Structures are given as C-alpha cells and as structure tokens.
Amino acid sequence: MADLYKDVLEGKPFNPEILNQMNCPKYTLRDWYTSLKQRENATEMQHQLASRIVTESERLIIASADEAIKNRREVDHQLEVKIKDIEFVKDQLERQKKQMDLETDALITYKDRIQDALKSLSASALDICSRCLFFRENRIGVDQCVDDVDLELRKEIEMIEGVKAIMIRTLEKVNEQIRKLRASTYVLNIDLLDKTNVLKIDRHNLLLNENSLNLSLYSGCAELDPASITEAEWTAHTQAAIDAAAKELNTCIPLRAYVDAILKQVVEDLWNQNDSCNESFRRRIQEYKAIKSKLERDHFETVRQIDEMKNNIINLEKALAEQESFLALAHTRLGNRGHRENTELCKDEVGGYLLDNVNNIKESVKRLQTLLSESNAALRYLLRTQIQLEEEINIKNNSIKIDEVDCMTIRSSIDYRSY
C-alpha cells in the first residue's frame, strides 16, 4: 500500500483495479462527524485539564514559595534564638572558666607558699636546731647535762617535724583540689569548644539563603539529621558542668581559709617555741657566766691563799730555823753547865729554866712541824683546787662559746615568717 501511494505521488500510471484488490475499511459520514466531535471533546478536555494544571501549578508555586520563605524565616528566627541561647550559655561557661582559672592560680600560689614553708623548715630551722644540738655535744664534763636548753631544742625539732607533717597533708589536699579544678576546667573547655563550633555553624547557616552559592542537595543513605541528644539533655549537660565547677569553687574557699589559718597558727607556734628556746639559751648563758664569775673569784681567792700559804710555809720554816737556834743555845748552855765541878753541879733554878726552855722549844718545834706539814698539804690542795678551778673556768668558757657564739649566732638567722 505504501508502494502504491508512492507511485501515485511520483506520477506513475494508476491502475483502478488495484482498488478492488485492497481491503480498506469504509466509514459512514456520521462516523466521520462523530469522530471529529470526539476528537474535539477530547481536545477541549485536554485544554481544560492543562488550564487547571497550569492554574494549580501557579497557585502551588506561589504557595510553596510563600511557605518555603515562611519556613526559612521561621528557621532563621529559631537560629537566632538558638544562637542567643548558646551565646548566653557560652558566657556562663566563660565566666565559670575564668573563676576556675583564677581559683586554680590562687591555689597554685598557696601550694608554692606551703612548699616554700616546707623547704625553709627543712633547710633552715630544722638544720639549725640539729646543728645546735650537735654543737652542744661538744660541751665538756658535767656541762654535758640534759638542761632546759636541750629540752627546748628537742621540743622545737619535734614541733618542726609535726608542722612539716601537717603541711605535707595540707599540700596533698591542695594538690588534689587543683587536680579537681583542672578536671572541671577541662570539661568546661570541651563544652566551650563545642559551643564555639556550633555558634560558627549556626551563624554561617543564618547567613545562608536560597540564593546563596555552594548550596547542595543531600543524596546519601544516612539520616539527614543525625542528632540524638534532646534539648533538655543538652541543657542538663552544660548545667551539670557549671554546677560541678561551682561545687569545686565552693570547696576552694574554705580550703584557702584553712591553709591561711594553718600557716598563721604554725608560724605563731614556731615563733613561741623559738622565743622559749632562745630564752632558755639566755638563762643558761647567764647561769654559765654567773658560775664562771664565781669560779674566777674563787680562783682569785685560791691564788691569794696559795701565795699566803707559801709565805706561811716560809715563815714556818724560818720559825723552825729560829727554834733550832734557840734549842741549840739551850743545849749548849746545859752542856756548858754540865762541866761544873763538885757541889756546883747542882739542880739550881737556872738549870730548871734551861730544861723547861728546851722542852718548850721542842714542843714549839713539834707544833711548827705539824703546821708546816699541814701547810704543805693545804698548799698542795690549793694548787690542785687552782688547777680544777682553771679547768672549770675553761669548761664554762667552752660552754658559753658554744651557746652564745655558735648556737645563738646561727639561731638569729631563723625566720618563721608568714609564708
């Protein structure tokens, strides 16, 4: 059929018999009008449908555009509200963090004060007291007694050791509180970083609009909004961090007051003990000096008596020599009278006086010799006493030097100041 139609168009001869051979359907004129009417109705319906679709599309476009703009404005408003909420919470976190940093710095200062106090007590006061005890071990003889100075020095050492133990425990508390403050500050820092990041994101989102560049459609498989934390949980998380930090801050105030009280009390106690120990030193030094003065007076008197005793011995020896002369005189006279002859050799009064004289002289010599022996013995005792007194004076000089020069000189450098 297509070939025949082509031949007719090309002007080739047409054979009418061919029509009889064709099986083409035949329609009536009514069918033709009916077909036209149906086509016209279908076309009209399509036109109406198209008009309705265009009208509905125009309405929907306007409505959806209005709705989208409304929704965008609502989102913008919500973003602004959220940004203000985050800024408010961020300000709270920053204020709390600032207080935490200030309190941490304050506690670090208190920690340094305690460490300085421990170092000063160990390197200065304790060392000085121990050296004083060591110096006093060099006292001589009975001066190595356990006196009030020894007791006060040992009491001061014991007090220093007790103060050190208290300060070490206090230092441990301060270190632990610093650790807790830093832990709370770390939590605040993490939350601040998160708040800073979300502010950056939401502020950027607030600047975006439907005409912004670099907009993109999400075509991934994961959820478009992966958030799983509720707003109540978000608020509670930040508030918990702030409350925990505030709790640690409230702990720091009484802790610093406790440290101040401890340092003040121990310094006061140490000064009192130091004054008591120094007073014991002063009393002991005065006692040493008083005893030394008495020993020096005794030594002076002993030397005087030694000189006197030496003179006495000389006088006794001289008296003995004189008595021997008198005895020799009496013996000579008696001997001479023994040469009397006959009746002249009688016991007369002169002979009696001579015999009494000899006996008296012998008695005097005996008494003089006894006194001479006693004087020599007394001289020896006095000389020994002189040596002992000189040794005691040297011992007291040594004790005075140890307490007044060695100990009190280094003790003057003790400074129990308020750390």
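**Helix packing in a predicted chain**

pLDDT is the predictor's confidence in each residue, from 0 to 100. Helices here are DSSP runs of H or I with at least four residues, numbered from the N terminus. The chain averages a pLDDT of 86, and 91% of the residues score at least 70.

This is a predicted model, in which local features need pLDDT of at least 70 and side-chain atom pairs count only at pLDDT 80 or more, while totals for chains, interfaces and linings use all residues. Residues are numbered from 1 along each chain as its sequence is written, and side-chain values use heavy atoms, with hydrogens and water left out.

Now the coiled-coil annotation. An unreviewed UniProt entry places "coiled-coil region" at residues 79–106 and 278–326; such annotations may be inferred rather than shown by experiment. Residues 79–106 are 100% helix, with end C-alpha atoms 40 Å apart. Residues 278–326 are also 100% helix, and their end C-alpha atoms lie 70 Å apart.

Next, salt bridges, meaning a side-chain nitrogen of Lys or Arg within 4 Å of a carboxyl oxygen of Asp or Glu. The count is 28. One of the salt bridges joins Glu87 and Arg203, at 2.4 Å from N to O. Glu87 sits in helix 3 and Arg203 in helix 4, 116 residues apart, so this pair links distant parts of the chain.

Key: Helices (H or I, at least four residues) and strands (E, at least two) are DSSP runs, numbered from the N terminus.
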